[in-house]
Amino acid sequence: MAQRGVDTLFGYVAASLQELDQTQRQRYMGAYCGICRAIGRRASGPSRLALNYDMVFLALLLSSLYEPEETTAPGRCLLHPLSARPCLSGPTVDYAADMNVALAFFSADDHWRDNHRPDALALRTLLKRHYPAIAKQYPRQCQAITGCISRLSRLEQDRCPNPDMPANCFGQLMGELFTWRQDRWTPYLREMAMALGRFIYFMDAAVDYRQDCRRGNYNPFAAMDAPPDPARWEQYLVLEMGRCTRIYEMLPLVQDKALLDNILYSGVWIAYRQKLKKESARRSNA
């Protein structure tokens, strides 16, 4: 039976760009370009194809919490060869880049094993040679990715009727990714990211409900064997984001707080609405 795939769960935790001022937009895009450049430097140029915006939130959150040294310098790339763009660099950017590569590798591996997709095999082959160094440096995070994806795959194959169980798997994965260091902030970051991961899992399920049903993919809401109920699904989202932001507000964040607020209080919901709109248009044109 077809499964959802971990890669579909990324792309939701993004900023609402139209609500950012110019300084905030430059900072956000500087982090994005910085992660892209870090992936190219720490892995390979082609590996940057796996980049996603969710890692920008991770890098900025950890940077605001721990305040490590960082630099911003202009840079050019193949996509923007004519004008130099600010690129943020620092330890949290490098960490986000490594986690991006690790997630992309396991996502591609998962797709190849389950669906034998040629594009998944190509990406898996590309990233495989870079993964051992990341696993050596971050064994806890990589073991969590491996274990959570494996458990999630089994639950989806078994068509688990309890949506909390697969959502918890992805929440646990996010909890370990957000735990950069083992210190006083570990329980806060784990709990916040757990709720964020559950939010993302439920959001993706709500957006892709009809598509999953049509394709035979596992969907936790469809597996509940109940009529479609978007209002109830949104209650799941509101509850999880409330849990996430409750812990988030306990963190002593100063730098980039307004930008992080934009992502959690606005950006994730705009992404959700946009994806719902696209799905509705796709159904209308089918």
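**Exercise 1.** What percentage of the 286 residues in the chain do buried residues make up?

*Solution.* The model examined here is a predicted one. A residue counts as buried when its relative accessible area is under 20%. Buried residues make up 53% of the 286 residues in the chain.

**Exercise 2.** Determine whether the radius of gyration of the chain agrees with that of a compact globule.

*Solution.* For 286 residues, a compact globule would have a radius of gyration near 19 Å. The chain has 18 Å, and the two values therefore agree. Along the principal axes, the C-alpha atoms fill a box of roughly 50 × 45 × 40 Å.

**Exercise 3.** Describe how helix H2 and helix H8 are arranged relative to each other.

*Solution.* The chain contains twelve helices and two strands. Of these elements, H2 spans residues 54-66 and H8 spans residues 186-207. Their axes come within 14 Å and cross at roughly 160°. Angles over 145 degrees count as roughly antiparallel, and H2 and H8 are therefore roughly antiparallel to each other. Their crossing is right-handed. On the H2 side, the contact is made by Phe-57, Leu-61, Leu-62, Leu-65 and Tyr-66; on the H8 side, Leu-189, Met-192 and Leu-196 take part. By class, this contact has eight nonpolar residues, no polar residues and no charged residues.

**Exercise 4.** Classify Ala-231 as buried or exposed.

*Solution.* Ala-231 lies in helix H11, which covers residues 230-248. The relative accessibility of Ala-231 is 54%. The cut-off for exposed is over 50%, so Ala-231 counts as exposed. From Ala-231 to Asp-261 the separation is 30 residues in sequence and 25 Å in space, C-alpha to C-alpha.

Technical notes. Residues numbered from 1 in each chain as written. Predicted model: local features only at pLDDT ≥ 70, side-chain atom pairs only at ≥ 80, totals over all residues. Heavy atoms only, no water. Axes fitted to C-alpha atoms, helices over the stretch in contact; angles between N-to-C directions. Helix = DSSP H or I, 4+ residues; strand = E, 2+ residues; numbered from the N terminus. Parallel < 35°, antiparallel > 145°, perpendicular 65-115°, else oblique. Left-handed = near helix turned anticlockwise from the far one by under 90°. Contact = heavy atoms within 4.5 Å. Nonpolar A, V, L, I, M, F, W, Y, C, P; charged D, E, K, R; others polar. Buried < 20%, exposed > 50% of the residue type's maximum accessible area, 1.4 Å probe, protein only. Rg over C-alpha atoms; globule rule 2.2 N^0.38 Å.
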